[in-house]
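Biologist: I'd like to learn how to read a two-chain model like this one. Could you walk me through it?

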Amino acid sequence: MKGKDSPRASDDPSPASAGPTCHTGRRRFLGGLGGSGLAVAAVIFGRSQGAEAATIALHHVGCCELSYANSGRSSCYSGHHYVWTCGEVVNGTLDQCDCCEHYSPNYSTANCVVSP
Amino acid sequence: MLFVLALAVFVLAIAVVILFAMLGQLAGRVPEPEQRVPFLKSLPEIPLGGVPGEWPPGLPGRQECTLIVLSTICRSCADIAQQLSAEPGYADRSDVGLVIATGARAGGGEEFAERHGLQRFRYFIDEHGDWVSAQFDLRLSPAALVLRGGRLESAYSFNDVAALLMKVGEEKKRQEEVRT
């Protein structure tokens with residue numbers, strides 16, 4: 001604490017002369033602490049947007065969660081494709097969708113039947 | 001000195017306002033909890049009484065278990081997965097297993113389990129749903145298959161895990177009463 005370039009502090013260690021230096025140091029410390037806290041908060045809150053963007057973009061059609069954008073029925077159902085049925089309860093009735101995914105090229109589509 | 005104190009109070013006041021603004025922003029991102037009306041319906045198209053030929057590793061014993069069938073391609077399955085992960089007691093049940101059918105995209109099953117916190121469950125990643133469709137003729141999710149004595153006893157479409165497990169428990173109790 002007693003640096004060579006501060007002869008007053010080293011020559012006179014009385015509390016009266018040490019007070020302002022101590023207060024300045026404390027203020028700087030607290031200021032630094034507050035600034036760091038704000039910076040950490042900014043990083044944490046700022047990151048949530050990025051995390052959302054990092055997840056895989058899925059395409060919702062009815063109760064289907066499709067890997068690829070809706071391409072239409074004819075493209076998806078031709079060739080090597082995969083169909084799975086999902087069910088979702090809407091107003092007490094079970095609505096169903098046939099979710100189609102075409103392997104290559106990548107197509108998806110959904111064919112939904114809404115209960116009467 | 002007074003000026004410094006006034007400045008500090010002013011900065012603190014601004015910090016509090018920012019804090020409340022951030023809390024408000026976070027609260028806005030949390031979706032409103034929906035009032036779910038439990039739905040449970042038998043699937044008459046699924047043939048009952050069958051004995052599965054193969055039994056994949058990772059699932060509970062086939063003698064008595066409830067298999068919850070989910071699919072990566074099914075958005076309503078995400079809601080079921082959320083219910084499952086929200087209640088830690090479900091994963092501790094030795095008679096509950098998950099079958100996660102995958103879509104066309106490779107590796108989606110593990111990603112689904114990880115995304116919804118289902119790693120603690122007994123589960124089987126069923127590539128393209130081949131196993132569950134071959135053994136039980138089921139290509140629908142979310143669904144539940146209840147096995148007793150190694151045979152398929154009932155199959156349901158459902159939207160509420162608690163209601164499903166309550167129904168399964170009631171059925172079991174009823175059967176035990178009939179036997180005694």
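**Reading the two chains**

Modeller: Start with burial: 19% of the 116 residues of chain A count as buried, where buried takes 20 or more other C-beta atoms within 10 Å of the residue's own, exposed takes 12 or fewer, partly exposed lies in between, and C-beta atoms are placed from the backbone. Keep in mind that this is a predicted model, in which local features need pLDDT of at least 70 and side-chain atom pairs count only at pLDDT 80 or more, while totals for chains, interfaces and linings use all residues. Numbering runs from 1 along each chain as its sequence is written, with chains lettered from A and ligands numbered from 1 in the order in which they are written.

Biologist: How many helices and strands does chain A have?

Modeller: Helices (H or I, at least four residues) and strands (E, at least two) are DSSP runs, numbered from the N terminus. Chain A has three helices and five strands, and their order from the N terminus is α-α-β-β-α-β-β-β.

Biologist: In what order do the strands of the open sheet in chain B lie?

Modeller: Two strands pair if DSSP finds at least two bridges between them. Here six strands of chain B line up as S1-S7-S6-S2-S3-S4, with mixed pairing. S1 (40-42) and S4 (122-126) of chain B are the edges; each has a single partner strand, so one side of each lacks a neighbour in the sheet.

Biologist: How many residues does each chain bring to the contact?

Modeller: Two residues are in contact if their C-beta atoms, placed from the backbone, lie within 7 Å. Chain B brings 22 residues and chain A 19. On the chain B side, H2(B) (75-86) and S5(B) (140-141) each supply at least two residues, and H2(B) has the largest share, three residues.

Biologist: Which strand of chain A is joined to S5(B)?

Modeller: That's S3(A) (residues 81-90), which runs parallel to S5(B) with two bridges between them. A:Thr85 has B:Leu140 as its bridge partner there.
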